[in-house]
Amino acid sequence: MRHLIANIATYAIAALLLSGAACFAWIRSAQLTVTNERTLAERHRPETAREFDWENLGERSYMRNCANCHGEEGQGWDQYPGLGHTGAIAGAPGGGEYLIEVHLYGLASRRWRAPMPPMGHITDVELAACINYIVARFGGEHEGIYLPEDIERRRGARLTPGEVNERRPALRAATLPPRL
């Protein structure tokens with residue numbers, strides 16, 4: 001009789017844990033869908049490039065998605081690169097597309113031990129704002145601005161992180177920061 005009660009109690013506890021985990025997962029996934037592309041686009045989509053209000057959204061997106069690896073000040077650490085060279089990359093031929101592809105599809109390279117994961121889950125508006133923030137804040141001088149339409153055009157290429165690495169523009173050594 002004791003074994004029957006112990007088994008019933010064990011199965012009841014397991015059922016409660018599983019239902020609790022399922023409930024938590026459902027609640028958590030509902031929290032992740034805070035907004036959608038249409039809402040962000042209505043709030044931030046510019047009529048012209050000069051009207052794209054990306055600073056605030058870009059900073060929030062960077063802190064939420066990038067700062068863990070690249071640091072709050074873009075300094076990088078250990079296997080994660082600093083971001084001081086992004087302006088040089090953005091200004092190189094093909095560099096603007098490369099920066100978008102790095103964020104959409106990730107990056108795997110022998111230069112860094114940890115690959116960058118793809119950020120394709122981020123909406124076009126938020127990703128454009130984030131890349132603008134990175135280039136303007138850490139990359140030095142660069143006159144271009146990324147718009148949500150630029151991100152949208154690069155989606156769907158289905159590149160692997162290794163293929164993205166092969167597309168990296170060649171840069172002059174003088175434009176790159178010294179390695180620490």
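This report covers salt bridges, aromatic pairs and a nonpolar surface patch in a predicted model.

Side chains of opposite charge can pair when their charged atoms come close. Six salt bridges are present in the structure. One of them joins the side chains of Arg-154 and Glu-101, with an N to O distance of 2.2 Å. This pair links distant parts of the chain, 53 residues apart: Arg-154 belongs to helix H8 (residues 148-154) and Glu-101 to helix H6 (residues 95-105). The two partners fall into separate accessibility classes. Arg-154 has 24% relative accessibility and counts as partly exposed, whereas Glu-101 has a relative accessible area of 2% and is buried.

A salt bridge also forms between Arg-155 and Asp-124, where the closest N and O atoms are 2.5 Å apart. Arg-155 is located in the loop between H8 and helix H9 (161-166), while Asp-124 is in helix H7 (residues 124-138), so this pair ties together parts that are 31 residues apart in sequence. Arg-155 is partly exposed, its relative accessible area being 29%.

Arg-153 and Asp-150 form another salt bridge, with 2.4 Å between the closest N and O atoms. Both residues lie in helix H8, and because they are three residues apart there, about one helical turn separates them. Arg-153 is exposed, with a relative accessible area of 59%. Asp-150, at 18% relative accessibility, counts as buried because the class takes in values under 20%.

Some salt bridges share partners: Glu-101, Arg-154 and Arg-167 are joined in this way into one network. The bridge between Arg-154 and Glu-101 described above, at 2.2 Å from N to O, has both of its residues in that network.

## Aromatic pairs

Four aromatic pairs are found in the structure. In one of them, the ring centres of Trp-77 and Tyr-80 are 5.2 Å apart and the ring planes stand at 55°, so the pair is tilted. An angle over 60 degrees would be needed for edge-to-face, and one under 30 degrees for stacked. Trp-77 is partly exposed, with a relative accessible area of 43%. Tyr-80 is buried, with a relative accessible area of 19%.

In another pair, Tyr-133 and Phe-138 have ring centres 5.9 Å apart and planes at 90°, so the arrangement is edge-to-face. Tyr-133 and Phe-138 are both buried. Together with Tyr-62, these two residues make up one aromatic cluster.

## Nonpolar surface patch

Met-1, Leu-4, Ile-5 and Ile-8 form a nonpolar patch on the surface. The accessible area of these residues together is about 470 Å². Ile-5 belongs to helix H1, which covers residues 2-32.

Key
Residues are numbered from 1 along each chain as its sequence is written. This is a predicted model: local features need pLDDT of at least 70, side-chain atom pairs count only at pLDDT 80 or more; totals for chains, interfaces and linings use all residues. Side-chain values use heavy atoms; hydrogens and water are left out. A salt bridge is a side-chain nitrogen of Lys or Arg within 4 Å of a carboxyl oxygen of Asp or Glu. Helices (H or I, at least four residues) and strands (E, at least two) are DSSP runs, numbered from the N terminus. Buried means under 20% relative accessible area, exposed over 50%, partly exposed in between (1.4 Å probe, protein chains only). Rings of Phe, Tyr and Trp (its six-membered ring) pair if their centres lie within 6.5 Å; planes under 30 degrees apart count as stacked, over 60 as edge-to-face and the rest as tilted. Patches are made of residues with over 30% relative accessible area and no salt bridge: like charges are joined within 9 Å, nonpolar side chains (Val, Leu, Ile, Met, Phe, Trp, Tyr) within 5 Å. Accessible areas come from the Shrake-Rupley method with a 1.4 Å probe; for residues, only the protein chains shown count as cover.
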